[in-house]
Amino acid sequence: MKDYAIEITKLVKKFGDFVAVNKLDIAIERGEIFGLLGPNGSGKTTTINMLLGLLEPTSGTIHLDGMNVVEDSSEAKGKVGLVTQETVVEGELTATENLRLFGRLYHLPDDVINKRIGELLELAGLEKFKDNYAGTFSGGMQRRLSVVKALIHNPKILVLDEPTVGLDVQNRSNLWELLRKINRERGVTILLTTQYLEEADQLCNRISIINNGKVVASGTPSQLKQQVSKHQIIEIAVEKKFLVKTEEIIKSLYKENVRVTGDKVYFPATGDSLEMLNSLVKKLSKSGIEVVSIGMHQPTLDDVFLKLTGTSLRDSASNTDNGQGKDVLKMMK
Amino acid sequence: MSILGDALTLYAREFLIFKKNINVSVARSVMFPLVFILLLGNIGNTSKNLPVAIVNYDNGINSIKFINLLEAANIVRVLSVTNQQSALNMLYMGQVTMVIVIPPHFGTNNQGSQTLTTYLDSSVPFSTTILVNQVEQTAKQFDAQVLSKGINSANMQQSPTTSFNVNYTYGTASDYKDFLIAGVMLSVVIFGALWSGGFTMLTDRQLGNLKTFLVTPIHRFSILLSKLGMGVTQSTMAGIFALVIGILDGGHMACGLYGVALIFMFIVLASIGFGALAIILATRTSKIETYSITGTMIMMPMWFLSGAFSPTNTFPPWLQFLSAIDPLTYAVDGVRYLFLKGFIPTSVLITDVVVLIIFSVISLIASVLLFKNTIE
Ligand SMILES: Nc1ncnc2c1ncn2[C@@H]1O[C@H](COP(=O)(O)OP(=O)(O)OP(=O)(O)O)[C@@H](O)[C@H]1O
Ligand SMILES: [Mg+2]
């Protein structure tokens with residue numbers, strides 16, 4: 001048996017009759033950045049809650065650094081730091097006080113706490129703001145503080161639940177940089193959940209895509225993309241009135257995987273894509289259809305998700321850009 | 001490390017938050033007692049035309065003078081009643097608030113001093129103060145204007161005086177302010193329980209703080225303890241404010257300084273018991289609205305039934321039963337008892353303490369058990 005940082009075996013969680021997590025198998029090697037990608041309600045947070053011993057699994061086992069989460073719960077807890085879906089820093093406490101609180105809760109001696117506070121604030125780029133109240137920080141700063149807060153006890157594993165929800169592009173890439181640094185310089189294994197394909201693509205060594213509590217695909221981002229097509233994806237934009245006709249024509253030519261979103265028609269190229277494009281444009285203009293734009297892209301994880309589930313991940317994710325909206329709904333039940 | 005040590009760490013966190021919001025926290029602790037004691041406690045001072053039955057066994061010129069003096073300030077509305085029994089019946093029926101019995105030979109008694117007998121309905125405590133004051137002043141006026149002139153005082157050691165004794169229908173001599181202070185102190189406790197520990201438990205759950213605490217190696221119980229500790233702190237603080245405001249405003253305590261320690265023991269016990277209740281609610285509900293509405297719906301009846309504002313023995317029997325099963329009643333009763341009567345007889349106090357301890361222990365255990373089963 002291989003020695004994994006995180007090993008999840010046949011994990012099941014039922015809420016009454018509802019199966020939120022369905023026979024999940026994930027094995028994460030040491031030093032990896034692993035992404036759990038899935039739309040709202042796919043069971044990401046439920047999985048993480050079980051991983052940290054906050055929820056009892058209905059069945060299945062979880063090992064963190066070889067420790068069974070249920071049986072050796074307190075040892076397992078010491079191995080892992082958690083950044084929850086909600087940004088959790090205490091606005092009424094300063095950055096230093098935030099970190100000290102958690103140092104104490106992890107029962108570290110005061111001199112160790114003080115040393116780590118210095119290191120971690122530097123890592124987060126917040127040393128200038130150490131005595132400022134966290135409530136005055138920008139969203140990105142708060143998020144970075146909550147990430148380093150989870151490192152106060154030097155865990156081997158860092159778990160982040162949708163760490164970049166609600167951040168702008170700049171802050172998002174700053175956070176990615178911080179996570180890469182933590183992974184590289186401290187050798188911390190990272191498991192993160194996300195609804196953002198781009199995030200999984202940019203940050204993760206390996207990904208599992210989950211939908212309705214089930215893993216639908218696993219692998220490196222490029223492996224997964226190759227599952228869709230080894231070739232480029234062609235996208236053709238036409239005026240709205242021509243959309244249906246365009247789709248018909250393309251479907252008659254290439255039976256496979258034609259889909260329409262907005263004003264664009266997508267389909268995977270086969271063989272020589274340039275030649276395909278040329279003949280297609282000719283055919284369309286013969287039928288009186290004016291092509292607005294035409295392009296090609298490498299297959300994305302969205303294409304993967306679409307192929308696997310028949311729905312677009314982006315559509316289901318974009319309804320609630322902020323995961324908290326969903327959470328509130330859940331709480332109302 | 002011990003549960004207590006972790007609880008202290010978390011308490012320190014609560015305290016930092018508390019300190020950061022000190023203005024709001026203090027304002028809340030001060031406003032409640034201030035409003036209730038100053039407004040409600042003094043509201044009776046403006047009362048007019050309080051109905052008083054007079055049983056006049058004298059019917060001489062002096063008793064008429066006395067009655068005229070009594071009516072002069074418009075505070076009292078006099079109803080003449082011919083016999084004492086029917087006057088007392090009126091008192092019990094709530095038709096009058098006071099009965100004054102004027103003895104025969106009023107103002108012509110050569111022995112000098114004379115005594116009026118009065119009966120007061122203490123269930124309307126704020127009028128009792130006014131009425132007692134009014135009778136006292138009238139007696140002084142009467143002494144000055146009538147007695148000292150009408151009687152040959154040459155053969156007397158001192159000038160004659162009119163005094164009166166007061167009989168309370170419900171046994172308690174309650175200045176409403178003194179009566180009220182106990183109620184206000186405990187009101188602060190139950191609403192403090194709802195808005196301090198329980199409330200922050202809910203927001204900690206919602207904001208995810210609780211989750212981050214639960215993944216650390218601390219015991220859950222220490223989280224609970226820190227919340228209760230903060231609730232006790234705030235209740236004690238508010239209790240001190242209530243006490244100080246009440247005393248500055250003219251309230252008095254029968255129990256003296258030692259009694260204050262006991263009063264705060266009641267407050268601590270009650271804030272643990274009700275704090276634990278609020279925490280149970282906070283771990284069961286997910287929305288602030290639900291928590292507020294449910295919490296208020298539970299606490300409000302307890303509040304009214306406890307006799308915080310009016311004596312429970314004036315309630316109809318079915319309400320008296322409800323108030324007897326309301327733990328807050330015993331806290332209010334204990335504190336009020338110390339306030340109005342002091343320590344004796346001790347048996348009443350012991351009952352109050354025992355009931356309160358049982359209640360606090362039960363709700364504490366329940367909160368631990370129920371908290372254990374909640375995730376998030
Ligand atoms: N305590 C619970 N009781 C009942 N159902 C629950 C509970 N917690 C979660 N669920 C349900 O389980 C499913 C998975 O929820 P989960 O929070 O794990 O999703 P998620 O992938 O984290 O979604 P999001 O992106 O919105 O955070 C949802 O349908 C949710 O409604
Ligand atoms: Mg989630």
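The model is predicted. Chain B and chain A bury about 2,700 Å² between them. Of that area, 67% is on carbon and sulfur atoms. One salt bridge crosses the interface.

**The interface in outline**

- The contact draws 26 residues from chain B and 24 residues from chain A.
- On the chain B side, Lys20(B), Lys211(B) and Val215(B) lose the most area to chain A. Together they account for 23% of what that side buries.

**Polar links across the interface**

- Arg13(B) pairs with Glu90(A) in a salt bridge. Their closest N and O atoms are 2.6 Å apart.
- Between chain B and chain A, five residue pairs are in polar contact, with both residues at pLDDT 80 or more.

**What chain B brings to the contact**

- Helix H1 (3-20), helix H7 (197-207) and helix H8 (209-214) of chain B each supply at least two residues of the side that touches chain A.
- H1(B) gives the most to that side, with seven residues.
- By class, the side of chain B that touches chain A holds eleven nonpolar, eight polar and seven charged residues.

**Helix H13 of chain B**

- H13(B) runs through residues 327-340 and has 14 residues. From first C-alpha to last, H13(B) reaches 20 Å, close to the 20 Å expected at 1.5 Å a residue.
- H13(B) is mostly covered, with 13 of its 14 residues buried.
- Asp326(B) caps the N-terminal end of H13(B). A side-chain oxygen of Asp326(B) lies 2.9 Å from the backbone nitrogen of Leu328(B).
- Just after H13(B), Gly342(B) has a positive phi of about 90°.

Methods
Residues are numbered from 1 along each chain as its sequence is written. Chains are lettered from A and ligands numbered from 1 in the order in which they are written. This is a predicted model: local features need pLDDT of at least 70, side-chain atom pairs count only at pLDDT 80 or more; totals for chains, interfaces and linings use all residues. Side-chain values use heavy atoms; hydrogens and water are left out. Contact means heavy atoms within 4.5 Å. Buried area is the accessible area (1.4 Å probe) that two parts lose on being put together, summed over both. A salt bridge is a side-chain nitrogen of Lys or Arg within 4 Å of a carboxyl oxygen of Asp or Glu. A polar contact is a pair of N or O atoms within 3.5 Å; within protein, one must be able to donate a hydrogen and the other to accept it, and residues adjacent in sequence count only if both atoms are side-chain atoms. Helices (H or I, at least four residues) and strands (E, at least two) are DSSP runs, numbered from the N terminus. Ala, Val, Leu, Ile, Met, Phe, Trp, Tyr, Cys and Pro count as nonpolar, Asp, Glu, Lys and Arg as charged, and the others, Gly among them, as polar. The expected span of a helix is 1.5 Å times one less than its number of residues. Buried means under 20% relative accessible area, exposed over 50%, partly exposed in between (1.4 Å probe, protein chains only).
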